[in-house]
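Me: I have a structure I would like to talk through with you, one question at a time. Could you begin with the terms and then move on to the fold?

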Amino acid sequence: MADSSSSRWNMLKSACPTREILDRIADKWTMLVILSLGEETLRFTQLRARIEGVSQKMLTQTLRGMESDGLILRTVYPTVPVTVEYSLTPLGHSLAGTVDVVREWAYGHIGEILLARQEYNDRETPRVGIG
């Protein structure tokens, strides 16, 4: 159950435990796992195929961290070989809406960001021969 007294926590303080949560949920791999599991349960190989660029090691670390934080459920089936499936917990689903908002914001503003980067690079590029 959520703690309604947010004044108890201050993320700007280095000792605040909410910083650990921020590290987890602001991680790109965590966000991509949440997006992938938003509507279906997947096996490890399916997740890895869906999330381009993630290594086996990084996906394993991300899934373990998310499981320890209660964001995903890992279900093991006693088959040969063992089948393992991952799904979002209710806590994970509660975060999925926020992740979707961030994704939509990124889609909606990527043009502005790319333009700003180009303008920045143009300003910062040394001008050879101008003196």
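Reply: Gladly! A residue is buried under 20% relative accessible area, exposed over 50%, and partly exposed in between, with a 1.4 Å probe and protein chains only. Helices (H or I, at least four residues) and strands (E, at least two) are DSSP runs, numbered from the N terminus. This is a predicted model, where local features need pLDDT of at least 70, side-chain atom pairs count only at pLDDT 80 or more, and totals for chains, interfaces and linings use all residues. Residues are numbered from 1 along each chain as its sequence is written, and side-chain values use heavy atoms, leaving out hydrogens and water.

Me: In what order do the elements of the protein run from the N terminus on?
Reply: There are five helices and three strands in the protein. From the N terminus on, their order is α-α-β-α-α-β-β-α.

Me: Is the protein spread out or a compact globule?
Reply: The globule rule, 2.2 Å times the number of residues to the power 0.38, is set against a radius of gyration taken over C-alpha atoms. For 131 residues the rule gives 14 Å, and the radius of gyration is 20 Å, well over that, so the protein is more spread out than a compact globule. Along the principal axes, the C-alpha atoms fill a box of roughly 70 × 45 × 25 Å.

Me: Which strands are the edge strands?
Reply: Two strands pair if DSSP finds at least two bridges between them. The three strands form an open, antiparallel sheet in the order β1-β3-β2. Each edge strand pairs on one side only, and these strands are β1 (42–43) and β2 (72–77).

Me: Which peptide bond is cis, with omega near -5°?
Reply: β2 and β3 form a hairpin with five residues between them, and Pro-81 lies in that loop. Most peptide bonds are trans. The cis one here runs from Val-80 to Pro-81.

Me: Why do the buried residues of α4 line one face of the helix?
Reply: The buried residues of α4 (residues 56–68) are Leu-59, Thr-62, Leu-63, Gly-65 and Met-66, whereas Lys-57, Arg-64 and Ser-68 are exposed on the other side. The arc is that of the directions from the helix axis to the C-beta atoms. Seen down the axis, the buried residues line one face because they fall within an arc of 165°.

Me: What covers the buried residues of α4?
Reply: Contact here means heavy atoms within 4.5 Å. The cover includes α1 (18–25), α2, α3 (44–50), β2 and β3.

Me: How far apart are the end C-alpha atoms of α4?
Reply: The expected span of a helix is 1.5 Å times one less than its number of residues. With 13 residues, α4 should span 18 Å, which agrees with the distance between its end C-alpha atoms, 18 Å.

Me: Is Glu-119 buried or partly exposed?
Reply: Glu-119 lies in helix α5 (residues 90–124), and its C-alpha atom is 24 Å from that of Glu-104. Because its relative accessibility is 42%, Glu-119 counts as partly exposed.
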